[in-house]
Amino acid sequence: MDCFTIDQVSKHDTIDDCWVILNNNVYNLTQFVNIHPGGKIILNYAGQDITSVFYSVHPISVIDKMDILNKYDKYKIGELVRYNLRNNINLTNYKKFRRTVNKEFTKKNKSFSILNLRGGFGTIVTLFILNSMVITFYIVYIRKMNILSTFILSNTIILTLLYQWHTSCHGALLKKPLPNLLVSLSGPLYGGISAIVWKREHNLNHHDQINQPTDTQHFNKYIRLSPQQEWKPKYKYQYLYAWCLYLFSSFNLKQQMPFQYKTKIKTKYYYVHELMLLFHCILFLFIPIKIYGFLKAIKFYFLMGIFQSIYLTIAFIPNHETLDCEGAETDWLKHQIKLSNNLRGGKITTFLFGGLNKQIEHHLFPSVHQHHLNKITPFVKKYCEQNNILYKEYSLYEVFKLHYKKLRLLSKSSYVFKN
Ligand SMILES: [Zn+2]
């Protein structure tokens, strides 16, 4: 059988030539993309290692078929030359845990699979209310552009995106793939953020290996957030300047525009996605410039970005605030639990943070809608108890204190990765 390196596989990332890595095997899925029951989502991960995504999003029945029938062997073209940590991850415990949770939940809930829990009528009503609010506050903003109208619109947009965008990009908001795809276009439209880049950076790179060098969403050249990141003199005062940089975090997401992301995957979704980004520019830049002039329009677009960054910082910082992240666990289940933490709170917190407050459960079950993540909590807590793993849950105050402590520790050259 042929052997390939990760670089060789990564070059096959087009709709006409789509290779992926699964369990250290290389598959050519160019033909399969069109008949994949879950749609063309595979194209988002073309040229990448999809092992953990494959096992964390597919229903157990699909995984069983895959294991027993080896149905897709015909697409296998070779093996991967071992190259880094990602290939050494062990999913055995995770697969067992996922199966146990699903089995016990199904027993208690009359054959209802936990892995099929998506949003229902309540989600549709909430989507309608939130999106109507965005439209209303946009009209108010355009009619009277001031600090208050900018503040209200900015925060409504982030609340809406946290509720619907992250979950829809995971395909977990509603049952069918098409509504999820349509809702995922709200990111480019409201926020000017690329959903194509997000799916690759978040669903794959971040979810696969939190805090590892492959986690391109977490690794940052301006701030040292992991002991694995090489220390540089510029990080010396990061515990002071990081907070200023966070004020611009929404611009960091916006700059991941598709013309920077050299995607070769030109599907129908890609063109609609580009159109949404263009609409974003028309709605939030061109129309305000026409009405209020260039300087005022740019000033308020910038202010909107700052307000959005503050909300995003409060929502993103509490999720992986680990100080014990020196050792990468090869056991994927342990790694996901140890390097994630939750934010204390009830239904209102979940609503305000779009389920990101239940980060541990979300990382283990990314295909489950945020409304149902609390149903998984007892299983995770039990597993943590049995295996002597700390289930981390903090208040917002505690987690920001921890973040400051982490920024301070990692600003020192002496604090390095030991394995
Ligand atoms: Zn996620």
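**Entry 1: burial and overall make-up**

I looked up burial first: buried residues make up 37% of the 419 residues in the protein. I note that the model is a predicted one. I then went through the secondary structure, which comes to 18 helices and 7 strands. For contacts with a separation of 6 or more, I found that residues 24 or more positions apart account for 67%.

**Entry 2: the nonpolar core**

Next I looked for the largest nonpolar core and found that it has 26 residues. Those with the most contacts inside it are I157, I158, L161, L162, W198, A315 and F353. Four helices each supply at least two residues of this core: helix 6 (147–169), helix 8 (186–191), helix 9 (195–208) and helix 13 (294–316). Which helix gives the most to this core? I found that it is helix 6, with 8 residues. As background, I wrote down that nonpolar side chains tend to be buried together in soluble globular proteins.

I then picked I157 and left aside its neighbours within four places in sequence. I157 is in contact with V134, Y190, G191 and Q308.

**Entry 3: helix 13**

I checked the length of helix 13. At 1.5 Å a residue, its 23 residues should span 33 Å, and the end C-alpha atoms are 32 Å apart, which agrees. I listed the buried residues of helix 13 as F300, M304, G305, F307, Q308, S309, Y311 and A315. A note for reading that list: an α-helix has 3.6 residues a turn, so residues three or four places apart point the same way.

What covers the buried residues of helix 13? I found that the cover includes helix 6, helix 10 (238–246), helix 11 (249–254) and helix 12 (268–292).

**Entry 4: helix 12 against helix 13**

I looked at this pair in more detail. The axes of helix 12 and helix 13 come within 7 Å and cross at roughly 140 degrees. That angle makes helix 12 oblique to helix 13. I recorded the crossing of helix 12 past helix 13 as right-handed. On the helix 12 side I noted F284, L285, P288, I289 and Y292, which meet F294, K296, A297, F300 and Y301 in helix 13.

**Entry 5: M145**

I found M145 in the loop between helix 5 (121–143) and helix 6. Is M145 buried, exposed or partly exposed? It counts as partly exposed because it has 19 C-beta neighbours inside 10 Å, and a buried residue needs 20 or more. Leaving aside neighbours within four places in sequence, I found M145 in contact with T150, P288, Y292, K296 and F300. Of these, P288 and Y292 belong to helix 12, and K296 and F300 to helix 13. I also looked up M145 and I291, which are 146 residues apart in sequence and 9.9 Å apart in space, C-alpha to C-alpha.

**Entry 6: V20**

I moved to strand 3 (residues 17–22), where V20 is found. V20 counts as buried because it has 26 C-beta neighbours inside 10 Å. Apart from neighbours within four places in sequence, V20 is in contact with Y27, L29, I42, Y45, A46, Q48 and I50. V20 and I50 are 30 residues apart in sequence, and their C-alpha atoms are 6.6 Å apart in space.

**Entry 7: N388**

Last I looked at N388, in the loop between helix 17 (377–386) and strand 7 (393–394). Its phi is near 55 degrees, a positive value in a residue other than glycine. N388 is exposed, as 6 other C-beta atoms lie within 10 Å.

Terms used
Residues are numbered from 1 along each chain as its sequence is written. This is a predicted model: local features need pLDDT of at least 70, side-chain atom pairs count only at pLDDT 80 or more; totals for chains, interfaces and linings use all residues. A nonpolar core is a set of buried Ala, Val, Leu, Ile, Met, Phe, Trp, Tyr and Cys residues joined through C-beta atoms within 7 Å. A residue is buried if 20 or more other C-beta atoms lie within 10 Å of its own, exposed if 12 or fewer, and partly exposed in between; C-beta atoms are placed from the backbone. Two residues are in contact if their C-beta atoms, placed from the backbone, lie within 7 Å. The expected span of a helix is 1.5 Å times one less than its number of residues. Axes are lines fitted to C-alpha atoms, for helices over the stretch in contact, and angles run from 0 to 180 degrees between N-to-C directions. Angles under 35 degrees count as roughly parallel, over 145 as roughly antiparallel, 65 to 115 as roughly perpendicular and the rest as oblique. A crossing is left-handed if the near helix is turned anticlockwise from the far one by less than a right angle, and right-handed if clockwise.
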